[in-house]
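Student: I would like to learn how to read a few features of a fold. Could we work through one model together?

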Amino acid sequence: MSTKVAVVTGSNKGIGLAIVRALCKQFNGDVYVTSRDVGRGEEAFHQLDINDLNSIKNAAAYFKGKYDGVDILINNAGTAFKASDTTPFGVQAEVTLRTNFFATRDVLTHFLPLVKAGGRVVNVSSMLSASGLKQCSPELQQRFHSEDITEDELVALMQRFVDEAKKGEHKQGGWPDMSYAVSKIGVTVLSMIHARHLSKERPKDGILINACCPGWVRTEIAAPGAPKSPDEGAITPVYLALLAPGATEPHGKYVSDKEVQPW
């Protein structure tokens with residue numbers, strides 16, 4: 001039997017590193033720390049800058065060659081501006097969406113075909129995706145709730161937000177004044193779209209993909225006074241990554257505190 005493998009993006013610190021620590025205790029296989037910085041190059045480390053398409057392709061080729069795919073993929077890498085940051089909103093929107101949505105989508109584009117039967121994919125979203133959705137216009141809410149929204153439509157909507165934010169017209173376009181929330185709306189909806197595709201195109205493979213909120217965690221992104229430690233923040237992503245063989249649910253859901261949440 002070939003060795004199983006788990007890949008966690010953005011896992012050199014914070015929640016990502018906590019996820020790796022938990023998987024090392026609970027997952028019977030190799031667990032890879034990935035980071036945009038090469039660092040010391042330990043055996044269980046692989047360079048992966050999700051904002052660099054060549055880096056994604058090289059990493060995908062490595063895992064295809066060494067393991068013939070991946071068993072667990074956790075998309076944890078992300079970025080956020082602090083509330084006090086004075087960077088213009090349009091720039092914040094472009095930078096935040098580029099990493100949190102577009103780069104995460106690039107990883108999924110190249111890694112989803114490598115996910116083996118029985119595999120688990122976890123996209124780290126945020127509670128702000130749900131609260132941000134409620135602040136969108138009724139028209140946007142309808143599309144983000146729709147079961148027939150396509151990946152291309154979602155990409156176009158995310159790009160529309162960036163374009164309107166750069167012109168200072170996002171509020172008129174029906175968007176909330178929160179680029180991080182919009183980026184995570186994209187991640188959550190993308191997870192649901194991919195779940196539908198997997199159920200249709202690989203129905204016998206038993207792959208489960210979900211989006212989750214780790215909670216408000218003490219990291220560089222969140223405030224130092226946040227209630228959860230990184231290890232506590234890792235609990236739900238690891239739970240979804242280790243759903244029992246043969247499980248059929250949750251799939252294409254938004255999960256927090258190990259419970260499916262309304263979307």
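Predicted model: local features only at pLDDT ≥ 70, side-chain atom pairs only at ≥ 80, totals over all residues.

Student: Which order do the eight strands of the open sheet have?

Tutor: The order is E3-E2-E1-E4-E5-E6-E7-E8, and the pairing is mixed. From one strand to the next, the twist averages 30°.

Student: In what sense do E6 and E7 pair, and over how many bridges?

Tutor: Strand E6 (residues 208-213) and strand E7 (residues 254-256) are parallel, with three bridges between them. Opposite alanine 211 stands tyrosine 254 of E7.

Student: Now the helices. At what angle do the axes of H4 and H7 cross?

Tutor: Helix H4 (residues 127-134) and helix H7 (residues 179-201) cross at roughly 105°, and their axes come within 8 Å. Angles of 65 to 115 degrees count as roughly perpendicular, so H4 is roughly perpendicular to H7.

Student: Which residues make that contact?

Tutor: H4 contributes Leu128, Ser129, Gly132 and Leu133, while H7 contributes Tyr180, Ala181, Lys184, Ile185 and Thr188. By class, five residues of this H4 contact with H7 are nonpolar, three are polar and one is charged.

Student: Where is the cis peptide bond?

Tutor: The cis bond joins glutamate 249 and proline 250, with omega at about -5°. Proline 250 belongs to the loop between helix H9 (235-241) and E7.

Student: What is the phi of aspartate 68, and where does this residue lie?

Tutor: Aspartate 68 is not a glycine, yet its phi is positive, at about 60°. Aspartate 68 sits in the loop that runs between helix H2 (53-67) and E4.

Student: Last, how does one find empty space in a model?

Tutor: A probe the size of a water molecule, rolled over the atoms, shows where empty space is left. In this model, the second largest pocket has a volume of about 310 Å³.

Student: What lines the second largest pocket?

Tutor: Its lining has 17 residues, and those nearest the centre are Lys4, Phe27, Ile72, Gly118 and Pro245. Strand E4 (70-75) and strand E5 (115-124) are the elements that give two or more residues to this lining. E5 gives the most, with four residues. By class, the lining comprises eight nonpolar, six polar and three charged residues.

Conventions
Residues numbered from 1 in each chain as written. Heavy atoms only, no water. 1 Å grid on protein atoms, 1.4 Å probe; cavity = no way out; pocket = protein on both sides within 12 Å on 5 of 7 lines; lining within 4 Å. Points joined across faces, edges and corners; volume = space filled by probe spheres on them. Nonpolar A, V, L, I, M, F, W, Y, C, P; charged D, E, K, R; others polar. Pairing = 2+ DSSP bridges. Axes fitted to C-alpha atoms, helices over the stretch in contact; angles between N-to-C directions. Parallel < 35°, antiparallel > 145°, perpendicular 65-115°, else oblique. Contact = heavy atoms within 4.5 Å.
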